[in-house]
Amino acid sequence: MTLLLAGLLLFIGGHCTNLIAPQWRNAMVSRLGLLPWKGLYSVVAIGGFILLVIGYGEARMNPTWLWTPPVWTRHLAALITLPAFILLFASQIPGNRLQVKLGHPMYLGIKLWAFAHLIANGGLHDLVLFGAFLIWAIAGFAVSRRRDRIAGMKKEYKGAVRDVLTLVVGIGAWVAFALWLHGMLIGVKPFG
């Protein structure tokens, strides 16, 4: 569990820099330069991600069970992750309706992903991993939306083609992950 916690601290902690200390982040960017800052940030994020993946894998080998979720929660979780994937890609395809309306669809996608995994898994390691991501996504969405309102920031809608592309890519990625990649990478088949 130590590696999982260290990974979460680095990964989520690094991603919280702009949320909780934007002035410090901006000062570091000014001092180091944008590319060196992004390089340092990437090293911390990748290192944290590697630690949390290894830590979560180790914790799964010797779990502490808090509850036993019914089998149907796996299927519900798989369905909840469909809009999570769409929201994730909505954050990456500029000018789509979801991005314009929600402002920060990635945080909403992470919230759905984390919630789905919390209802389908009952280990302490699951609660730690997915609970941390859920809390981070809730805080990130609230802070980012408030910051946008204060700055008067609005995103420009660029047409239905962006909406269709967001749906096609999001649904396609979800299908690939739900039917093949989740089982191959995580060892659990959501529909199997």
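Let me start with the ring criterion: rings of Phe, Tyr and Trp (its six-membered ring) pair if their centres lie within 6.5 Å, with planes under 30 degrees apart counted as stacked, over 60 as edge-to-face and the rest as tilted. By that rule, this structure holds 11 aromatic pairs.

Some ground rules. This is a predicted model, where local features need pLDDT of at least 70, side-chain atom pairs count only at pLDDT 80 or more, and totals for chains, interfaces and linings use all residues. Residues are numbered from 1 along each chain as its sequence is written, and side-chain values use heavy atoms, leaving out hydrogens and water.

Now the pairs. Y107 and W136 sit edge-to-face, 5.7 Å centre to centre, with 80° between the planes. Y107 lies in helix α6 (residues 105-120) and W136 in helix α7 (residues 124-151), so this pair ties together parts 29 residues apart in sequence. Helices here are DSSP runs (H or I, at least four residues), numbered from the N terminus. Both Y107 and W136 are buried. Buried means under 20% relative accessible area, exposed over 50%, partly exposed in between (1.4 Å probe, protein chains only).

Next, W113 and F130. They are edge-to-face too: 5.2 Å centre to centre, 75° between the planes. W113 is in helix α6 and F130 in helix α7, 17 residues apart. W113 is partly exposed, at 28% relative accessible area. F130 is buried, at 4%.

Which residues do ring pairs link into a cluster? F11, F49, Y56, Y107, W113, F130, F133 and W136.

Last item: I186. This residue is found in helix α8. I186 is partly exposed, at 35% relative accessibility.

Key: Helix = DSSP H or I, 4+ residues; strand = E, 2+ residues; numbered from the N terminus.
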